Amino acid sequence: LPAGDPGPIADHRLVADDRAGLAQLLLHALPRGQGPALHQPGGEEELRSGLGEILKLHLTGGPFFVERFASALGSATGALPSLETIRALTWGSLVVKRAVIERDEFELDLRRALNYGHTIGHAIENLSGFGIPHGKAICLGMAIVNQVAVNRGILAREVHEAVLRLI
């Protein structure tokens, strides 16, 4: 965290809330037959891309969430994490996003963190003719923004390298 940063913005104890209810909400929010099944065309690719947005929110949430994300992906050993793990990480992402929005409803300060990687990521999506999925483009945007921050001396190289390992 940068000097003077107040620390994590979300209470990690909220992660223990009803994950089964969240999973049902996510599944019922999709049109019938379009749930996150790995056998669907593009299903695994879409889930991998979604992990980019999940990563951004876990980075925004602070050390507890970063460690949680790293641990979940580390146990997957390069393979896609289980759907249960993805759902749990999604829940953590929603906890972080809610905490940010509740603190800064009108995007006057803290909520800008939700744009992390998005300015460059959206340009990458557009320039690729949307061939690069959103989450992957956001990860590329985060990597580029972090490298610029390292070059300007406002982000430690070790932090940038740690984020690259998660990407």
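Phe65 sits in helix H3, helices here being DSSP runs of H or I with at least four residues, numbered from the N terminus. The model is a predicted one, so local features need pLDDT of at least 70 and side-chain atom pairs count only at pLDDT 80 or more, while totals for chains, interfaces and linings use all residues. Residues are numbered from 1 along each chain as its sequence is written, and side-chain values use heavy atoms, with hydrogens and water left out.

Phe65 is buried, at a relative accessible area of 1%; buried means under 20% relative accessible area, exposed over 50%, and partly exposed in between, with a 1.4 Å probe and protein chains only. Phe64, by contrast, counts as partly exposed at 35% relative accessibility. The count of aromatic pairs comes to one, taking rings of Phe, Tyr and Trp (its six-membered ring) as paired if their centres lie within 6.5 Å, with planes under 30 degrees apart called stacked, over 60 edge-to-face and the rest tilted. That pair is Phe64 with Phe65, edge-to-face, at 5.2 Å centre to centre and 90° between the planes.

Next comes the packing of H3 on H2. Two packed helices are described by the angle between their axes and the distance between the axes. For H2 (residues 43-61) and H3 (residues 63-74), the axes come within 6 Å and cross at roughly 145°; axes are lines fitted to C-alpha atoms, for helices over the stretch in contact, and angles run from 0 to 180 degrees between N-to-C directions. On the H2 side, the contact (heavy atoms within 4.5 Å) is made by Leu51, Ile54, Leu55, His58, Leu59 and Gly61, and on the H3 side by Phe65, Val66, Arg68 and Phe69. By class, that is seven nonpolar, two polar and one charged residues, where Ala, Val, Leu, Ile, Met, Phe, Trp, Tyr, Cys and Pro count as nonpolar, Asp, Glu, Lys and Arg as charged, and the others, Gly among them, as polar.

Then there are the cores. A nonpolar core is a set of buried Ala, Val, Leu, Ile, Met, Phe, Trp, Tyr and Cys residues joined through side-chain atoms within 4.5 Å. The largest has 15 residues, and Leu51, Leu55, Leu59, Phe69, Leu89 and Met142 have the most contacts inside it. At least two residues each come from H2, H3, helix H4 (83-103), helix H6 (134-151) and helix H7 (157-166), with H2 giving the largest share, five residues. Leaving aside residues up to four places away in sequence, Leu51 touches Phe69, Leu80, Pro81, Ile86 and Leu89. A second, separate core of seven residues includes Phe65, Trp91, Val100 and Leu114.

H2 also holds Lys56, a residue that is buried at a relative accessible area of 3%. Residues up to four places away in sequence aside, Lys56 touches Ala113, Leu114, Tyr116, His118 and Met142.

Finally, the backbone. Most residues other than glycine have a negative phi. Glu107, in the loop between H4 and helix H5 (118-127), has a positive phi near 55° and is partly exposed at 35% relative accessibility. Phe130, in the loop between H5 and H6, likewise has a positive phi, near 65°, and is exposed, with a relative accessible area of 56%.
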